[in-house]
Amino acid sequence: MVRQCDNIQEFLKKSFVFVLAFVLLFEIAPVKNIITSIFGLAENSNILVGLNLSDIIQIRKWALIYLILCIICFPLIKLYLLIRKHLNSPKNLELNPFEDSLYKYIEDKPNGKGYLVTGEWGSGKTYLVTESINKYYKFSNKSIYRISCFGLDSRKLILDEIKNQIEINDKSLLNWIQYIPAIGKPLFGILKDSYSLNSIPNRSVFIFDDFERITSLGITDNKRNKSYEKDKFILKNFNREPQFQEFKDINKEFTKIENAFRKYDSDNEIISLTNNLQKYNIVTGLINELIENYNIKVIIICNVDILGYDFVDKVFRGKLDCITYNKSIDGNSIESIFKSTIKNQIYSNKDVKRLVTGVTSKIMKDFEKVWFSSGNSNLRQAKSVVQAFFDTVNIISSKIAINENYLVSLFYSIYVVRVLGDENRLENLDQFLVGGNLPFFLHLYRKEELYESLTLSDNFSSLKWTGISIAGFWILNMRKPNNIDIMLKYYTDYEYNDLELTLLQTDSYSWNDDRLLLEHAMYVARKEANTSPEKHDEQLNEVTQKIRSNIGFFIEHGQRNEDSMEKKVCGLLRKIATISGGMFYSVVRDEWFKSIYAYSKVESVIEEEGIYILRAYNEFVQQSKNTEEQPINIS
């Protein structure tokens, strides 16, 4: 707990010792004579720039005044802390169940109990304890020590960490000696006592965080990698007749090898579990010693899923008799992820940091609704999204100018990549148009669950796709993009957001603008099949009219001028197949083929396996040529 008054008190302490040492030096006659001689020589050599020796000596008087002021300030700071302690006392505030139980545990007389806070990874256990301690004990003189158990798998290691924490937080008068100029550190090293458990102040509180990380494997009996795995394919016909004796003998030998490896794995697993259990028992034994012999209050933070519920029941509830609080995943879990992640992020540009800090609070509240609506409880996934967001912003902010809307869109673009990546459904993300409405393209390419979750976002109408190269390079471990400025230009120049939002929010497709993209026409064509009968014919006519009037733009858009017309048509047909998923209303499909042929005059395209639409186009054109001797009239 870092308090501003602690920094002031530390400065006063160091300066007090330094000035006191200076004043005392003048009381030692030989030292005083040497200093006077040095300043006298400097005065005669005009080195003091107008000052004389008498002015220098006056400094001692000012030093004495400063010492007096320091002596006055120390009790004033103590008084300030007492007042703040009283105002922050839980007795004067309304506590939630967790705060109430934790406060009672810390303040009650020693009762031989520990306090266990458990929950899933990332549920906010550490954040919950830290916030409660800071809230009610920030201005208390109670000694609170935090021990990270990561890798502390022996009594010596954990004792050394306890001693180190005691030394760091030692505020005794003897500790002031180290601030004496020149000789302070060596003198303090000689005079200080070695720290031990007996050095712990009475009524102290120890917080043992990450208890499950004492070892990397935990102690649950989760299945580990097998040393031997039978390949069933090799002997899949073994049970069929006839069988040769040689194959029977070979099978017996392989069975013996398999049994040997299985026994080896089983013995190794028992040894591993026993060794790990022993390491945890050493630490819990030391914790029990602190509670029983030194009357220390101990708070343990751990993930029970890694330790196993049997261990919790036998050790934490049996041996340590812990009061147990289970932290479930809630809004505070997401908040703790955001706050802990941004705390570890350093931005060289202060304006960017100020912008990101402001946007974070907006995203945090909004993301809670989106996240929990999907029923997702994988906080590691949420953590990676948040970390990827802050890291990406840190990287790209030095190359482009960013604003609040872009940052919100970037966050949700990263979220989409992460979720779809975990589900192995990243296909078509490269077809999302940079700057396009993100919910629209999710809906267009049938990412319905993500689309539904984003409908709960307050930023639904302003969410835009930032591009896979920016949104995905951190999550997918891709090369950092070197065309960030070009991607931002695509993002800002995109002009169809209003149209896409209209398509999402209404069933009426009366466009005022004549220009639209293939994606918009396909979106309407796909929804048209599901419209009510009374609207069906009217909307079908409007869709077909849009296809006819824009077919040239659809074919040429995004294609190179030097490409052949056949290649452009193939590209358009493939894209239609991708967007439609291979299924759309036959009348609309025929209208596509008719319009494409009328514009391009391409009579056939090279067919490819798995792309049905290419063959269907060839068949349509051939059939049309067989039934009509004149060019197709599209009017």
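This is a predicted model: local features need pLDDT of at least 70, side-chain atom pairs count only at pLDDT 80 or more; totals for chains, interfaces and linings use all residues.
Of the 635 residues in the chain, 43% are buried. Among contacts with a separation of 6 or more, 76% are made by residues 24 or more positions apart.

Rolling a probe the size of a water molecule over the atoms shows where empty space is left. Across the whole structure, the search returned 1 cavity of 30 Å³ or more. The volume of the largest cavity is about 40 Å³. Its lining consists of Glu99, Leu102, Tyr103, Ser132, Ile133, Tyr136 and Tyr137. Two elements, α4 (97-107) and α5 (125-137), each supply two or more residues to this lining. The greatest contribution to the lining of the largest cavity comes from α5, with 4 residues. Sorted by class, the lining comprises 5 nonpolar, 1 polar and 1 charged residues.

The cysteines were considered next. A disulfide requires two cysteine sulfur atoms within 2.5 Å, and by this rule the model has 0 disulfides. For Cys149, the closest cysteine sulfur belongs to Cys302 and lies 9.4 Å away, so the pair is too far apart for a bond. Cys302 in turn has its closest cysteine sulfur in Cys322, at 8.8 Å, and this distance is likewise too far for a bond. Both of the cysteines from which these distances were taken are buried: Cys149 has a relative accessibility of 1%, and Cys302 has a relative accessible area of 0%.

A further position of interest is Gln345, which is placed in the loop between α11 (331-343) and α12 (350-373). Residues under 20% relative accessible area are classed as buried; Gln345 therefore falls in this class, because its relative accessibility is 11%. Apart from neighbours within four places in sequence, Gln345 is in contact with Gln387, Phe390, Asp391 and Asn394. With one of these residues, Asp391, the contact includes a polar one: the side chain of Gln345 and the side chain of Asp391 make a polar contact at 3.0 Å. Gln345 is thus a buried residue of the loop between α11 and α12, with a side-chain polar contact to Asp391.

Terms used:
Residues are numbered from 1 along each chain as its sequence is written. Side-chain values use heavy atoms; hydrogens and water are left out. Buried means under 20% relative accessible area, exposed over 50%, partly exposed in between (1.4 Å probe, protein chains only). A polar contact is a pair of N or O atoms within 3.5 Å; within protein, one must be able to donate a hydrogen and the other to accept it, and residues adjacent in sequence count only if both atoms are side-chain atoms. Contact means heavy atoms within 4.5 Å. On a 1 Å grid over the protein atoms alone, a cavity is a set of points where a 1.4 Å probe fits but cannot get out, and a pocket is an open set with protein on both sides within 12 Å along at least five of seven lines; lining residues have an atom within 4 Å of a point. Grid points are joined across faces, edges and corners, and a volume is the space filled by probe spheres set on the points. Ala, Val, Leu, Ile, Met, Phe, Trp, Tyr, Cys and Pro count as nonpolar, Asp, Glu, Lys and Arg as charged, and the others, Gly among them, as polar.
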